[in-house]
Amino acid sequence: NLKGAFSQFIESRKNHEEQLALSVLRRWEEIPKVGCKLVPEHVETRPLFNPEKPGIEQGKIEMWVDMFPMDMPAPTRPVEISPRRPKSYELRCIIWNTDDVVLEDDAFFTGEKMSDIYVKGWIKGQDDMQSTDIHYRSLTGEGNFNWRFVFPFDYLVAEEKIVISRKESLFSWDESETKIPARLNLQVWDADHFSADDFLGAFTMDLNRFPRGAKSSKLCTLNMLTDPHIPHMSLFKQKRVKGWWPFAVKSESGDEYELTGKVEAELHLMTSEEAEKHPAGLGRNEPDPLEKPNRPDSSFIWFLNPLKSIRYILWHNYKWVIIKVLVVMLLAALLVLFFYSMPGYTVKKMMGA
């Protein structure tokens with residue numbers, strides 16, 4: 001016991017001396033006469049000068065200096081410690097169709113439920129946000145787009161993060177790096193002409209692990225977001241996938257999700273080198289253009305197409321009312337002509353003309 005207590009005392013004293021020595025080194029510059037500022041962890045910082053501009057510092061260089069005695073064996077090979085470089089990718093997302101999107105607005109003339117549907121998408125945020133064109137007057141929640149989003153980004157494979165480099169302000173010299181999760185954000189909106197657009201639903205897809213798309217709109221349900229047993233996949237392994245995914249919003253209670261629509265999309269992940277060999281345009285533009293969607297004739301802006309409005313809105317909904325009104329007006333016109341012409345015709349008969 002005495003031996004164990006003595007060894008414990010020596011160990012604690014040794015630890016105390018190490019802590020004391022470390023504390024002295026950290027405050028070495030405060031010691032009078034011999035004190036100076038020490039560089040922590042042997043990282044040396046030295047100014048850089050240009051002979052053509054004497055006396056003007058051109059920057060600094062940081063070095064880790066290790067010194068080895070000549071009588072000791074040679075040190076091991078240097079280890080590469082430079083930061084990992086992100087790999088450049090391009091994500092192409094084609095929005096083909098939507099279905100069962102909630103109908104937010106009432107038609108101006110008829111009061112029918114409808115929505116002017118369009119889809120937004122982004123990866124990095126406001127910097128690369130893109131939108132489809134608008135499918136006007138959807139009466140069933142169906143939308144047809146054939147619209148391509150293109151998102152270039154830099155990706156760290158080891159960390160599974162997207163790297164964004166940007167200047168913090170206009171006066172910053174260097175760019176700062178921000179790392180965010182690799183996620184594709186899709187939202188469905190209802191376009192309004194005279195007020196702010198209405199948000200209808202969203203779907204966020206983690207490119208490293210997201211539910212496999214449904215083969216049809218009927219098979220696309222909210223279970224794809226909540227059921228852990230549904231198969232998941234990684235776009236960095238699969239590279240290309242097509243299917244249906246649900247749009248949803250949180251209920252008023254905030255505990256459950258409500259289904260607000262479905263989207264048929266196709267995702268294609270390429271490296272920057274592959275994207276240069278096989279370029280594709282935004283939307284339906286060249287190169288590799290997409291066909292225009294086959295939208296119904298009733299999809300239009302009513303106040304810019306008055307003739308279509310008469311045909312597809314007034315005539316479609318009030319056809320028999322319009323026919324009845326025209327018949328009544330025709331009969332009224334005939335009666336007016338009859339009573340207007342009757343006195344003159346009677347006088348002619350009486351005068352024997």
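Arg84 and Glu159 join their side chains in a salt bridge, with 3.9 Å from N to O; the term stands for a side-chain nitrogen of Lys or Arg within 4 Å of a carboxyl oxygen of Asp or Glu. Arg84 lies in the loop between strand E2 (53-64) and strand E3 (87-99), and Glu159 in the loop between E8 and strand E9 (161-166), so the pair ties together parts that are 75 residues apart in sequence. Helices (H or I, at least four residues) and strands (E, at least two) are DSSP runs, numbered from the N terminus.

The model is predicted: local features need pLDDT of at least 70, side-chain atom pairs count only at pLDDT 80 or more, and totals for chains, interfaces and linings use all residues. Residues are numbered from 1 along each chain as its sequence is written, and side-chain values use heavy atoms, with hydrogens and water left out.

**Salt bridges**

Arg84 is exposed, at 58% relative accessibility, while Glu159 is partly exposed, at 32%. Here buried means under 20% relative accessible area, exposed means over 50%, and partly exposed lies in between (1.4 Å probe, protein chains only). Arg84 and Glu159 also belong, with Lys179, to a network of salt bridges.

Across the whole structure, a search finds ten salt bridges. The table lists some of them, including the pair already described.

| Salt bridge | N to O distance |
|---|---|
| Arg84 and Glu159 | 3.9 Å |
| Arg295 and Asp133 | 2.9 Å |
| Glu57 and Lys60 | 3.0 Å |

In the bridge between Glu57 and Lys60, Glu57 is partly exposed at 40% relative accessibility, and Lys60 is exposed at 55%.

**Backbone geometry**

Most residues other than glycine have a negative phi, and most peptide bonds are trans. Glu160 has a positive phi, near 55°, and is not a glycine. Glu160 is located in the loop between E8 and E9 and is partly exposed, with a relative accessibility of 42%.

The loop between H4 and H5 contains Pro287 and Asp288. The peptide bond from Glu286 to Pro287 is cis, with omega near -5°. For Asp288, phi is again positive in a residue other than glycine, near 55°; Asp288 is partly exposed, with a relative accessible area of 46%.

**Aromatic rings**

Rings of Phe, Tyr and Trp (its six-membered ring) pair if their centres lie within 6.5 Å; planes under 30 degrees apart count as stacked, over 60 as edge-to-face and the rest as tilted. The count by this rule is nine aromatic pairs. One of them is the stacked pair of Tyr155 and Phe236, at 4.1 Å centre to centre and with 15° between the planes. This pair links distant parts of the chain, 81 residues apart: Tyr155 is in strand E8 (residues 143-156) and Phe236 in helix H3 (residues 235-238). Tyr155 is buried, at 3% relative accessible area, and Phe236 is buried as well, at 14%. Tyr155 and Phe236 form one aromatic cluster together with Tyr89 and Phe153.

**The surroundings of Trp189**

The charged end of Lys120 sits over the ring of Trp189, 4.1 Å from its centre; this description requires NZ of Lys or CZ of Arg within 6 Å of the ring centre and within 35 degrees of the ring normal. Trp189 also has a polar contact of 2.9 Å with Gln187, side chain to side chain. A polar contact is a pair of N or O atoms within 3.5 Å; within protein, one must be able to donate a hydrogen and the other to accept it, and residues adjacent in sequence count only if both atoms are side-chain atoms. Gln187 is in strand E11 (residues 183-190) and is buried, with a relative accessible area of 16%.

**The nonpolar core**

A nonpolar core is a set of buried Ala, Val, Leu, Ile, Met, Phe, Trp, Tyr and Cys residues joined through side-chain atoms within 4.5 Å. The largest one has 41 residues, and those with the most contacts inside it are Leu91, Ile95, Phe153, Leu184 and Trp245. E8 gives the most to this core, with six residues.
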